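Look over the sequence and the model first.

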Amino acid sequence: MINSGRKIIHVDMDAFYASVEQRDHPELRGKPVAVGGKGRRGVVAAASYEARKFGVRSAMPTFMALEKCPDLLVVRGSYGVYQEVSGQIRDVFKTYTDIIEPVSLDEAYLDVTENKMRNPSATIIAREIKDKIKNKTGLTASAGVSFVKFLAKIASDYDKPDGLTVVTPKQAIEFLDQLEVKEIPGVGKVTAEKMKELGIIYGRDLRKLSRFALEEKFGKYGSYFYDLIRCDYNSPVVTDRIRKQVGAERTFSRDIAKQEEMLYELRHISEIVSNRLKKKDTMGKTLTLKIKYNDFVSQTRSKTINHLIQSEAEIFMIAEELLVIPVPPIKPVRLLGISVSNLDNEPSRNFGRQLALDFYGNEF
């Protein structure tokens, strides 16, 4: 049963970091650009569309990106500028609605069912938002319009860059039937491969299975897929997102193999995490240690205690324990990270809306 009462817009900036760099540095325009760390240890944070043609993607090691695109221009990036532009984009959103759920600096959901302009058409609002963002920042955005968040999200990726795709309640089932399941939110590479083995390639294949069959094959996610493919999964646009964890990590210029070197780095990371917890006025009960080895294999180890922690000393003490239990790292390490979760999110400690840029009635 489709609930078509809401009007949701998902706005996603096009290659945001890279586009800002190309806007501010004319010599980068029309060229393959990656924002990220340089050197063997660097990682791509964002890639321009010119770079994507060569297979360069975010989260790819810089050296691998350069192998795919030898002419790639790698820039460090200007996070302060990205935050400033993100704020300008957020101001555009606020002219239409206060029901805004930021996902990252360059991405957000808007509920415009009842909007400040009293415009019954979410499609017109989305088009106006795109135009205002372009006029204000010189950057393009893609938007998806639908009656549930997940469809708006899929729609915003459908015609990038500078796209606008609308999925109405009447179009939803046909749209999902023709969609490859790998494009469905929550279907990662492993799940997509498992579905492929089961002959589930498109949404219509997924719809053929009963709730019981999907739960049997995919556990708790089976019920989620069953509801999603029928548009019965409808999460609200959340205006106050509570931070789930606070952490920090460090990629080393060279692999480290000695335990004392790892402890030295963990002490420094513990200090950063402690300072961030204090700045956010929160504490947590669960500490997770992340270890990435020189072969890019990652491992996490967690411990939950019965009291809230925030101090550098306690964070380091638990991280030190996790480093050696059950066994110390058996391979050289290229990255270490610490995060504290299970946070104390009482009203007085509510982080409010996260700084970011991880949108209906009768007419679309």
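In strand β7, Ala143 is the bridge partner of Val11. Strands here are DSSP runs of E of at least two residues and helices are runs of H or I of at least four residues, both numbered from the N terminus. The model is predicted, so local features need pLDDT of at least 70 and side-chain atom pairs count only at pLDDT 80 or more, while totals for chains, interfaces and linings use all residues. Residues are numbered from 1 along each chain as its sequence is written, and side-chain values use heavy atoms, with hydrogens and water left out.

Strands β1 (residues 8–13) and β7 (residues 141–146) run antiparallel and are joined by six bridges; two strands pair if DSSP finds at least two bridges between them. Both belong to an open sheet of five strands with mixed pairing, in the order β5-β6-β1-β7-β8. Because β5 (100–104) and β8 (164–166) each have a single partner strand, they stand at the edges, and one side of each is left without a neighbour in the sheet. On average, neighbouring strands of this sheet are turned by 15 degrees against each other, direction ignored.

Helix α5 (residues 122–137) packs on the sheet and touches β1, β6 (107–111), β7 and β8, contact meaning heavy atoms within 4.5 Å. The direction of α5 makes about 170 degrees with that of β7. Axes are lines fitted to C-alpha atoms, for helices over the stretch in contact, and angles run from 0 to 180 degrees between N-to-C directions. Helix α6 (residues 149–156) also packs on the sheet, touching β1, β5, β6, β7 and β8, at about 145 degrees to the direction of β7.

Ser104 lies in strand β5. Its relative accessibility is 13%, so Ser104 counts as buried (under 20% relative accessible area, 1.4 Å probe, protein chains only).

Conventions
Buried < 20%, exposed > 50% of the residue type's maximum accessible area, 1.4 Å probe, protein only.
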